[in-house]
Amino acid sequence: MDRIDTLRLFVSVAELGSFTKAAEKEGMTPGAASKQITALETRLQARLLERTTRSVRLTDAGEALLERIRPWLSEFELIEDGFAEEGAAPVGVLRISAPVDFGARILMPVVADYMRKWPGVDVRLSMADRMVDLVDEGFDLAVRIGQLTDSSLIARKLAPACMSLVASPAFLEKAGPLNSPADLSALDCIIDRNKPAAQLWKFTKDGETIEAKVNGRITLNGATAAIEAAAQGLGIACSPSWSARQALADGRVVPVLPDWSPDHRDLWAVFPSNRYLAQRVRLFVDHLAERFKDGL
């Protein structure tokens, strides 16, 4: 391992707070990673990290080194990556985080197309319905749906993620006519805990906005499950349009209050602001943007 690779390893250990995670990211064993950092400390004649059985933290010398080398190393890697773009296809491991339903149903074909186009890139796709910490958990980027709150991330908006209000024909026949979102409060609605403000649904029509406080007999988590619950007659679901598309086409569910638009969210690609955007990451973000340019 040359000196630049050792500095890269040091930055990974500092960012991830773990020799094990940093070693996995850099493709080596934790023991080898520890030896490289020890050699760096010997060469600099300074202790850079305080190690315990459970954690790793920077010393004052380590903080000073990280502050000085991170901008330089990022710039070097941008230059290096630029030459790689001119001379070779992208290589390496791309670590992606995505929501479970969206990742399995919508993102997987996009990832497959990317991998066919760039066979030198391996993908580690982790699907979870929680907000992962990209830096601490070692992800290159995340695909997220919703409103972004973490200002430390760089984000690229990919497409609106429109919502659909649906129910089974049998449920609507029993419920009777609905004239306004306000009518939803008297009916069983399907509560999806993955949605922010899961029981407060917002709708707009001709500049008018109505918020409906909803309740229901079933609470679950996940857009696919919510649509299936609606198809089974358990209530009205307000879920992403992509999740309802097939059930609508099959007639298992039908639109509810079609003149009112449920409050939509957005689809984003996000990545840490303190890292250069590697070629394989940038190409994947461009691939996402191209795939979703016409919406979900």
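Student: At what angle do helix H2 and helix H3 pack, and how far apart are their axes?

Tutor: In this predicted model, an axis is a line fitted to C-alpha atoms, for helices over the stretch in contact, and the angle runs from 0 to 180 degrees between N-to-C directions. Helix H2 (residues 19–26) and helix H3 (residues 30–44) pack at about 100°, with their axes 8 Å apart. H2 and H3 are therefore roughly perpendicular to each other, since angles of 65 to 115 degrees count as roughly perpendicular, under 35 as roughly parallel, over 145 as roughly antiparallel and the rest as oblique.

Student: Which residues in H2 and H3 meet?

Tutor: Contact means heavy atoms within 4.5 Å, and here Phe 19, Thr 20 and Ala 23 in H2 meet Pro 30, Ala 33, Ser 34 and Ile 37 in H3. The residues of this contact divide into five nonpolar, two polar and no charged, where Ala, Val, Leu, Ile, Met, Phe, Trp, Tyr, Cys and Pro count as nonpolar, Asp, Glu, Lys and Arg as charged, and the others, Gly among them, as polar.

Student: At what angle does helix H1 pack with H3?

Tutor: Helix H1 (residues 3–16) and H3 pack at about 110°, with their axes 10 Å apart, and that makes H1 roughly perpendicular to H3. By class, the contact of H1 with H3 has six nonpolar, two polar and two charged residues.

Student: How many aromatic pairs does a search of the whole structure find?

Tutor: Rings of Phe, Tyr and Trp (its six-membered ring) pair if their centres lie within 6.5 Å, and planes under 30 degrees apart count as stacked, over 60 as edge-to-face and the rest as tilted. The search of the whole structure finds three aromatic pairs. The rings of Phe 102 and Trp 242 have their centres 5.6 Å apart and their planes at 70°, so this pair is edge-to-face. Phe 102 lies in helix H5 (residues 100–117) and Trp 242 in helix H8 (residues 241–250), 140 residues apart.

Student: Is Phe 102 buried or exposed?

Tutor: Buried means under 20% relative accessible area, exposed over 50%, and partly exposed in between (1.4 Å probe, protein chains only). Phe 102 is buried at 1%, and Trp 242 is buried at 5%.

Student: How should I read the numbering and the cut-offs?

Tutor: Residues are numbered from 1 along each chain as its sequence is written, and helices are DSSP runs (H or I, at least four residues) numbered from the N terminus. Local features need pLDDT of at least 70, side-chain atom pairs count only at pLDDT 80 or more, and totals for chains, interfaces and linings use all residues, while side-chain values use heavy atoms, leaving out hydrogens and water.

Note on methods:
Helix = DSSP H or I, 4+ residues; strand = E, 2+ residues; numbered from the N terminus.
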